[in-house]
Amino acid sequence: EGLQKFADMTQSDESSPSRPLGTAELLVEASFADLRHGGDGNLSKAHSLKKKDAESRIVHLQPFPDSWIATTAPIALGLLSDLIYTKFLALGHDAREVLWPLVMSQLVRWSVGAPNDKAELDAITMTDDDYNSDEVIVDVEEWKPSEALVRIGCKEWSRVFCRVLDAVPDLDKVESQAWLRTLGISLSEALAKNIELEEKIREDIVEAKLATLGIQNGSFTGSVESNRSGQNVNYLGMLPTLKTRCIASHCLQQYMSTFVDQFAANTAEEEISCLLETLKQSRLASSNARNDEDLALAFQEAFFDQWGDGVEEVEAALQGTGGGSGHRGSSQIFFLTQEASATKASILLLSRLYSEKNDWDSMAYSEPLLMEMVIGVLSEFLSSEAQDGLLIDANVWRSAISEKGIQVAYYCTSFAGVVLDILGLVHNLEAEKFNRQKESLFPILCSLVRVQSSEIRHLVSDIFRKQIGPMIQVPDSGQRAV
């Protein structure tokens, strides 16, 4: 009976499909309603939660029901990868010039959003009055993907690369290089576009926040002032869009690890340089964002705004942040994660180039870039760990290493996984390569023996046994210290 009431309420929605929901769709929609409002899992009460949704909803910018996103969206987009693998590769030049741009536009639409920059800006600068107006019409050509669709779209980028790379051995050399060049440039352009939008939204949020305080900021050239009065812009309403853009950058960068080995081995210097430059832009943009105090205050305001008026709600919010010390509601956690994934992707790509034999001198190209990044990351990690390491629980360190579970907004915990990758790289360096870098690496390795993370200390000890021991005529016994 409760589910039937839920189905009736769903059908009465203006945005609901014209057909009745199927049994599986009904259960999924009811489960999402229960999760959104912290229900007890009793779906017979889902109709009351659906009523809350109807009362609190101001505008629906997502034209798809949750059940479609959860069940059908990955399959729908996955068909594009299958088309590329089964049909496009055999068509050669015509497929790259005519068909691939159509496929890429869909991948960009899912992972980044509509290509219309003005539409993106208009949507995020809607005032409170705009949101509450009954005249708001959402054009499907201008919609922005939700976080769920962004994650699906970014994962499909990885699947496209993997499908093409699997087919490379069966293609002739000219065709394989042409496809890899096309895919590499397309991925770089998609990530660069997302970073550009992310920067634009960040500047507009800060400018709008300062405008509400009567402060004119001449350092930004954002277009909020030209669209409508800065004092009327709901800058807190822009934050979810900024978070989604940040997640899109992180996911695109994170999934690069699934195809970086073959990509590094088969791609030319031009495409590698283009992708590395885009990743550098992502690192710089996220670094600027995490150090932006005005943006951090806006995130904090949004976090407090969710507390409500009751004492119990405030206590629950503080308990969820570990007493406030974890910065879970702050901007740093989003941008540190993005910066870490961009750094990890760059180091992974450069390390593969450093160890692979290509048609071009990839070792000479990658060595200075790789070592500069390695020294920079390890130095900043040590600085952050010395300042904040004693405040961090051992369980948090273990979660940071595994990149799962509790997340706190410190550089040292956000980059713990990156540091492990770097130390693994150093451990596996050939003796000749390590010997060339020993003067810059040895002091940092000595400093790393005192960090709080036992995983990092153990890996450092392995490096000393394998790389430093032979230099002082101490053979590697192969036994790890306990």
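Q: Which residues does Leu 423 touch, not counting residues up to four places away in sequence?
A: In this predicted model, Leu 423 touches Leu 445, Leu 448, Ile 456, Leu 459, Val 460 and Ile 463 on that count, where contact means heavy atoms within 4.5 Å.

Q: And what about cores, which members of the largest nonpolar core touch the most other members?
A: Of its 98 residues, those are Trp 100, Trp 157, Phe 381, Leu 423, Leu 448 and Ile 456; a nonpolar core is a set of buried Ala, Val, Leu, Ile, Met, Phe, Trp, Tyr and Cys residues joined through side-chain atoms within 4.5 Å, and buried means under 20% relative accessible area, with a 1.4 Å probe and protein chains only. Apart from it lies another core, of 16 residues, including Phe 299 and Ala 302.

Q: Switching topic, at what angle do α12 and α15 pack?
A: Helix α12 (residues 235-254) and helix α15 (residues 293-305) pack at about 105°, with their axes 10 Å apart, the axes being lines fitted to C-alpha atoms over the stretch in contact and the angle, on a scale from 0 to 180 degrees, being taken between N-to-C directions. That makes α12 roughly perpendicular to α15, a label covering 65 to 115 degrees.

Q: Which residues make that contact?
A: From α12 come Tyr 235, Leu 236, Leu 239, Leu 242 and Lys 243, and from α15 Leu 295, Ala 298, Phe 299, Glu 301 and Ala 302.

Q: Is Thr 182 buried or exposed?
A: Thr 182 is buried, with a relative accessible area of 19%, and it touches Arg 96 and Trp 100, not counting residues up to four places away in sequence.

Q: What are the ground rules for numbering and confidence?
A: Residues are numbered from 1 along each chain as its sequence is written, and side-chain values use heavy atoms, leaving out hydrogens and water. Local features need pLDDT of at least 70 and side-chain atom pairs count only at pLDDT 80 or more, while totals for chains, interfaces and linings use all residues.

Methods. Helix = DSSP H or I, 4+ residues; strand = E, 2+ residues; numbered from the N terminus. Parallel < 35°, antiparallel > 145°, perpendicular 65-115°, else oblique. Buried < 20%, exposed > 50% of the residue type's maximum accessible area, 1.4 Å probe, protein only.
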